[in-house]
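Here's a quick briefing to read with the model open beside you. Take the topics in any order you like, and find each residue as it comes up.

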Number of protein chains: 2
Amino acid sequence: MKTHFDGELDLFKDRLLVMAAKAETMIQKSITALQDRNQEAAISIPEMEAQVNQLQVEIDDRAFKLLALRQPMAHDLRFIIAAMKISSDLERIADEAVNITEDTAVLLNSPPWHPMMDIPRMAEISGEMVRDALEAFVDSNATKARTVLSRDDQVDALKDQVIRVMLTYMISEPQKSEVALELILIARSLERIADHATNIAEDVVYLVEGKDVRHHAER
Amino acid sequence: MKTHFDGELDLFKDRLLVMAAKAETMIQKSITALQDRNQEAAISIPEMEAQVNQLQVEIDDRAFKLLALRQPMAHDLRFIIAAMKISSDLERIADEAVNITEDTAVLLNSPPWHPMMDIPRMAEISGEMVRDALEAFVDSNATKARTVLSRDDQVDALKDQVIRVMLTYMISEPQKSEVALELILIARSLERIADHATNIAEDVVYLVEGKDVRHHAER
């Protein structure tokens, strides 16, 4: 039988999932606007950011009350601490989607640029990393969380590739330097999103195994 | 009379201050290496990063034990939660100092570049913001924390200025695009450091006033 406390924990988990879904949608919309050269796709981003921010405040507040009133032990305590950290990462993911949208706005004032290179691929992988990290959290699945960790290097390599090509491009067509710079900054934002997904996955491993993998080579 | 719990909290606070001092030193050293064109100044950065990471693990571990064994209430509970968030921001500040050092290494392989512009000033302000945010935390001083919040816009404006000038530079001297790009990335890292200091200051306001100023205009 579920206790009242279990019900509160479920509600808490549910809010975090809503927040994660919003953050992931924001990534998709920001990249769609970039790919389609159409800022319409990103029109709901500011409103969604406000919702994500509000959810973070709500989650922290619920966490504080659960800690203060329920004094949870062991696994529940770790779960609530992890949820607060995860909500902080999700909030920063949403911020990066806003950054991408702002950088895209600058691009849309410039003439069309060369193919997007690996940027859509980076967005796809980072978005999947966020989704999988959250699924791993909800299912307390450390194995799934570890698959997120392994994809971070892939995103880093793609970002290095974007920077390398854009630098060549800056040198050969200096008048398009701003376009190239914005694409580099967008690639960096996607790399950050992957980093945040990695942080979440590390928190999940800690939650499930009680093992801190944040700064270790044991991945 | 101090209780055993007070002693544990003091020790906990002390570790966080050690962590903050290391992060701040890392910012200074990374920028000294850049200004002096001498990577020697940054030679201890990788070791310091490892120490900061270790401190974060230790602080989280102490926090978990305090929460589990002492079941602190009200202000102490908020204090411990804030300390965990702050240690996470300090760890990311240390990461940015590492990024600056890596970007500087690329620069040192290039011919000397134009003046550093506002980058040393950005580093100075961000470093002060980190220090003041931590002092505000230790002294539970919300007024001091709010002075940190107000300096964030200043750092943002300096970063925009660096980007603007570097873009002109990329167009007029395209063969120096890489140098200009690295300087932009360093300015972005400093902006992130200021953002993390801002997060810390917001946590302090919340801790002292129980008021969440993270996503409000009331600053």
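Let's start where two chains meet: helix α5 (residues 142-172) of chain A and helix α6 (residues 177-209) of chain B have axes that come within 9 Å and cross at roughly 130 degrees. This is a predicted model, in which local features need pLDDT of at least 70 and side-chain atom pairs count only at pLDDT 80 or more, while totals for chains, interfaces and linings use all residues. Residues are numbered from 1 along each chain as its sequence is written, chains are lettered from A and ligands numbered from 1 in the order in which they are written, and side-chain values use heavy atoms, with hydrogens and water left out.

**Between chains: α5(A) and α6(B)**

- The pair α5(A) and α6(B) is therefore oblique (angles under 35 degrees count as roughly parallel, over 145 as roughly antiparallel, 65 to 115 as roughly perpendicular, and the rest as oblique).
- Axes here are lines fitted to C-alpha atoms, for helices over the stretch in contact, with angles running from 0 to 180 degrees between N-to-C directions; the helices themselves (H or I, at least four residues) are DSSP runs, numbered from the N terminus, as are strands (E, at least two).
- On the α5(A) side, the contact uses Ile163(A), Leu167(A), Met170(A) and Ile171(A), and on the α6(B) side Ser177(B), Glu178(B) and Leu181(B) (contact means heavy atoms within 4.5 Å).
- Sort the residues of this α5(A) and α6(B) contact and you get 5 nonpolar, 1 polar and 1 charged (Ala, Val, Leu, Ile, Met, Phe, Trp, Tyr, Cys and Pro count as nonpolar, Asp, Glu, Lys and Arg as charged, and the others, Gly among them, as polar).

**Within chain B: α1(B) and α6(B)**

- Helix α1 (residues 4-35) of chain B and α6(B) have axes that come within 13 Å and cross at roughly 160 degrees.
- That angle makes α1(B) roughly antiparallel to α6(B).
- This time the crossing, α1(B) past α6(B), is left-handed.
- Ile27(B), Ile31(B) and Leu34(B) of α1(B) meet Leu183(B), Ile186(B), Leu190(B) and Ile193(B) of α6(B).
- The α1(B) and α6(B) contact has 7 nonpolar residues, with no polar and no charged ones.

- Met122(B) sits in helix α4 (residues 119-138) of chain B, and counts as buried because its relative accessibility is 0% (buried means under 20% relative accessible area, exposed over 50%, partly exposed in between, with a 1.4 Å probe and protein chains only).
- Leaving out residues up to four places away in sequence, Met122(B) touches Val155(B), Leu158(B), Lys159(B), Val162(B), Ala187(B), Leu190(B) and Glu191(B).
- Over in chain A, Ser126(A) belongs to helix α4 (residues 119-138) and is buried too, with a relative accessible area of 0%.

**Salt bridges**

- Side chains of opposite charge can pair when their charged atoms come close.
- How many salt bridges are there over all chains? A search of the whole structure finds 32 (each is a side-chain nitrogen of Lys or Arg within 4 Å of a carboxyl oxygen of Asp or Glu).
- Arg151(B) pairs with Asp132(B), their closest N and O atoms being 2.9 Å apart.
- Arg151(B) lies in helix α5 (residues 142-172) of chain B and Asp132(B) in helix α4 of chain B, so this pair ties together parts that are 19 residues apart in sequence.
- Are Arg151(B) and Asp132(B) buried or exposed? Both are buried.
- Lys159(B) and Glu191(B) form a salt bridge as well (3.4 Å, N to O), and Lys159(B) and Glu191(B) are both buried.
- In chain A, Glu135(A) bridges to Lys144(A) at 2.7 Å, N to O; Glu135(A) is partly exposed at 34%, and Lys144(A) is partly exposed at 24%.
- Arg15(A), Glu58(A) and Arg62(A) are joined in a network of salt bridges.

**Positive phi in loops**

- Most residues other than glycine have a negative phi.
- Gln71(A), not a glycine, has a positive phi of about 40 degrees, and its place is the loop between α2 (45-70) and α3 (74-108) of chain A.
- Ser140(A), also not a glycine, has a positive phi of about 45 degrees, and is found in the loop between α4 and α5 of chain A.

Notes. A crossing is left-handed if the near helix is turned anticlockwise from the far one by less than a right angle, and right-handed if clockwise.
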